[in-house]
Amino acid sequence: MKFNDGFWLPKHGVKAYYGLQAIRVKTEPDGVALQVATRAIRHRGDTLGGPLLSVKVHSPTQCVIGVRIDHFKHVEQSPAIPLFPDVPPIPDISVSRSETSTILSTGGLTAEITENPYTITFKNSRRILTAAGFKHQAVFDIPYRWTVGTASSSSCLALDPSSNPHPTHPPEHIRYVHSELNMSPGELIYGLGEQFGAFVKNGQTVSIWNRDGGTSSEQAYKCVPFYITNRNYGVFINHAGEVEVEVGTEKVSRVGVSVAAESLEYFIIYGETPLDILERYTRMTGRPALIPPWTFGLWLSTSFLTSYSAETVAGFLQGMQEHSCPVRVFHFDCFWMKQYEWCSVSFDPDNFPDPKAYLSEIKRKFNVKICVWINPYISQLSPIFEEGMEGGYFIKRTDGTPWQWDLWQPGLAILDVTNPEGCKWYVDKLSALLDLGVDTFKTDFGERIPHANIKYHNGSDPMRMHNAYAVMYNEIVFKLLEKRFGKGEAVVFARASAAGGQRFPVHWGGDCESTFEAMAEALRGALSLTVSGFGFASHDIGGFEGHPPPEIYQRWVAFGVFSSHSRLHGSSSYRVPWQYGDDVARSMSKLLDAKHRLMPYIYTHAVNAHINGHPVPRAMFLEFLEDRTTHYLDRQYMLGPSLLVAPVFVPQEEETEYYIPAGCWTSFFNPQRTIQGPTWVHERVPLDEIPVWIRPNRVLCLGAPGKGRPDYALNQDVEVHIYEFAEGTSSTVALSPASGKVVDGVHVARSSADITVRAVDDSVTLASVILHGKYPAIQCLIGATALENSVSISVVNGAREVKIQF
């Protein structure tokens, strides 16, 4: 929200009450409580009238300092963003006072508070990180006319006469609590959820308000009130409702945050590295659940408006087998249910007369898991609508009738996720599908949740529920799957989410066009999401809207396979590869085999995402903070810490461009090729390739070629690939022999005379060792024999240690 006309002058009618002077400072066990006057206090008379801000500066956990600003204190409204849902906080706080300031410290982070003028400066041991300077905190009363452009006020949910047939008269003024933090020269802001615009958020106004707007607009499906900087800190705004963020817009050297409420709380999260910051943020808001290895295989969809007949589905699955493009999950989109009846949560009997037998047959024949599309919207033509209405299971208008409108389905109502009986009713319907053989759900929609003149079963604030709804809806479905299949075996494929929603993976980027531009939008959204606490990201390979030309399809296939999760899905056309050419199917087969081989590496980092909150797809600056060039890169990424992936967004006859950081990097697909960084690469990339580079001094454990699936014994018969390993270097590679468990898998050490490779955990077995790079001639092998190419070394007799002597 912008309150000023320029830098100094308030907009017409705006009343500003800035925090000017701390008139009382009290040390408490978890921090400091302040009373902050909004006028200069020269004598007793100045204490009469006018807002007084109650400010709490506190530390809930190590390296995190929170600032809570209260005007009128109320009972905390629900829902709130759950804090520390998975792992407990780490208390660590000290407070000291001097004549001029109060200092609160936790870990490497310090907040220095001055009383007159009232300021808060956040520091580490080396420098100032950011500051809430003089007049950076305020309460504003702003005329309603200045707020009509907010996401909530301008939403179709507020303006559509079906959604809001009896709008209330708006108040003359809206109250906001506002706070600003300085942006230093060169400081960059990232995150705020899945945003499809420019990856660096400087200069943008971002509304934390979920909307269904596709990937080509400023709207977003997954808005998260958290941003991370390239200056060793992140900021989490602890507010479940609409948050308006001005990133260097109203005031070009500040980030302004506003909420239409009486309270605002934010947390400064410190880290020596960006991954440290994400680890602490996800400690606070939750970490991605452990998901099963099969989810990393290829997902194939019916597409949306196409034929779902048994002959079509069987033909596609058979064709994928014949083209060596194994499908691990088959997805039925909306029309598995009868048209106009979504969601009936029952198979259309005209197309699926015996769904249990049908699903059993394709699962047995093609070794696939089954996913079906659902959402929490219930058409009034659905056979379950009357049950829901009579039970009171839907969101209601303030007059007690169900909220309904016609967008998407006729007279649809929406499940009230705050009603325990309604949730049980909905879960029972889904549970019956699991009995038929369904394994997972695509939990679509959940963005257009009404907020105007409606009420929830438990009295939750509709403004706060708007974003939180998607998290609660996905949690309901995820918990059902977890209860049925066990921890580590549940997954959803979700579109909408919000803060904390990373706990219920996986999420995909929503409706994109079939263009190179939309492919880049999908990547920007994924990178923005995964710097906002989410561990995984996916997208519709080939684009959702339109029919991609073969060239775009093939480029997108490569990008999709080298994403954490890979799904072929479209709107009115299919995404099976042979429809785009037999050469496309061959390249897809090659890429899928590579991903299956990489599963020991990928799945270990998926488990690490669950353990420490580090995402699998990573923006380049997360790994290379000291390299300023990486801070702006949004067309390439790291897949885990060791693989650099550079999707191609140009036609075959044009050169693509990507950046290689310092060191000698090795091509994954062509290991004879190396590049010395830092350097920009300009090259023409064949359609059946994607640039994938291995970081120097790395060890990758791969599975054997031809696995045909992502879920196999990821710790057995591993190929140990050693890349540009320098003398004096050692590395222990983690592996996951079972769901949720990470062990020390393989230890590699190099001296001037030899390289030693050793299986550490008893569960790990070695198949071969492959050297990539320049090494002296091999003089002797212990525990292995050399193959013809002299760089591939076969482990013999089940040896647990191999020594390569030069």
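Hi everyone, this is a short walk through one protein chain, from its overall shape down to a few single residues.

A word on the ground rules. This is a predicted model, where local features need pLDDT of at least 70, side-chain atom pairs count only at pLDDT 80 or more, and totals for chains, interfaces and linings use all residues. Residues are numbered from 1 along each chain as its sequence is written, and side-chain values use heavy atoms, with hydrogens and water left out.

Let's start with the whole chain. Along the principal axes, the C-alpha atoms fill a box of roughly 90 × 70 × 50 Å. The radius of gyration is 28 Å, which agrees with the value near 28 Å for a compact globule of 806 residues. That radius is taken over C-alpha atoms, and the globule rule is 2.2 Å times the number of residues to the power 0.38. Of the 806 residues, 62% count as buried; buried means under 20% relative accessible area, exposed means over 50%, and partly exposed is in between, using a 1.4 Å probe and protein chains only.

The chain has twelve helices and 47 strands. Both are DSSP runs numbered from the N terminus: helices are H or I with at least four residues, strands are E with at least two. Among contacts with a separation of 6 or more, 70% are between residues 24 or more positions apart, where contact means heavy atoms within 4.5 Å.

Now find the open sheet of six strands. Its order is E28-E24-E23-E22-E31-E30, with parallel pairing; two strands pair if DSSP finds at least two bridges between them. Which strands are at the edges? They are E28 and E30 (540-541), each pairing on one side only. Strand E24 (residues 369-374) runs parallel to E28 and is joined to it by four bridges, with Trp 373 opposite Lys 442. E24 also pairs in the parallel sense with E23 (residues 327-332), over four bridges, and there Cys 371 stands opposite His 331. Back on E28 (residues 440-443), Thr 440 and Lys 442 point one way, Phe 441 and Thr 443 the other way, and all are buried.

Further along the chain, look at strand E43 (residues 766-772). Six of its seven residues are buried, so E43 is largely enclosed by the rest of the structure. Six bridges join E43 to E39 (residues 718-723) in a parallel arrangement, and three join E43 to E46 (residues 792-795) in an antiparallel one.

Next, the largest pocket. How much space lies in it? About 1,200 Å³. Of the 43 residues that line this pocket, the closest to its centre are Ser 152, Ile 174, Ala 260, His 451 and Met 463. For the definition, take a 1 Å grid over the protein atoms alone: a pocket is an open set of points where a 1.4 Å probe fits, with protein on both sides within 12 Å along at least five of seven lines, and lining residues have an atom within 4 Å of a point. Grid points are joined across faces, edges and corners, and the volume is the space filled by probe spheres set on them. Helix H1 (156-159), strand E14 (173-182), strand E21 (263-270) and helix H7 (462-485) each supply at least two lining residues.

Strand E21 also holds Tyr 270, which is buried at 4% relative accessible area. Setting aside residues up to four places away in sequence, Tyr 270 touches several others, including Cys 63, Arg 126 and Asn 232.

That brings us to Asn 232, in the loop between E17 (223-229) and E18 (233-237). Most residues other than glycine have a negative phi, and most peptide bonds are trans. Phi of Asn 232, however, is near 75°, and this residue is buried at 6%. Asn 453 has a positive phi too, near 60°, but counts as partly exposed at 25%.

Finally, where are the cis peptide bonds to look at? One runs from Asn 116 to Pro 117, with omega near 10°, and Pro 117 is in the loop between E10 (109-115) and E11 (118-123). Another joins Trp 342 and Cys 343, with omega about -5°; Cys 343 is in the loop between E23 and helix H4 (355-366).
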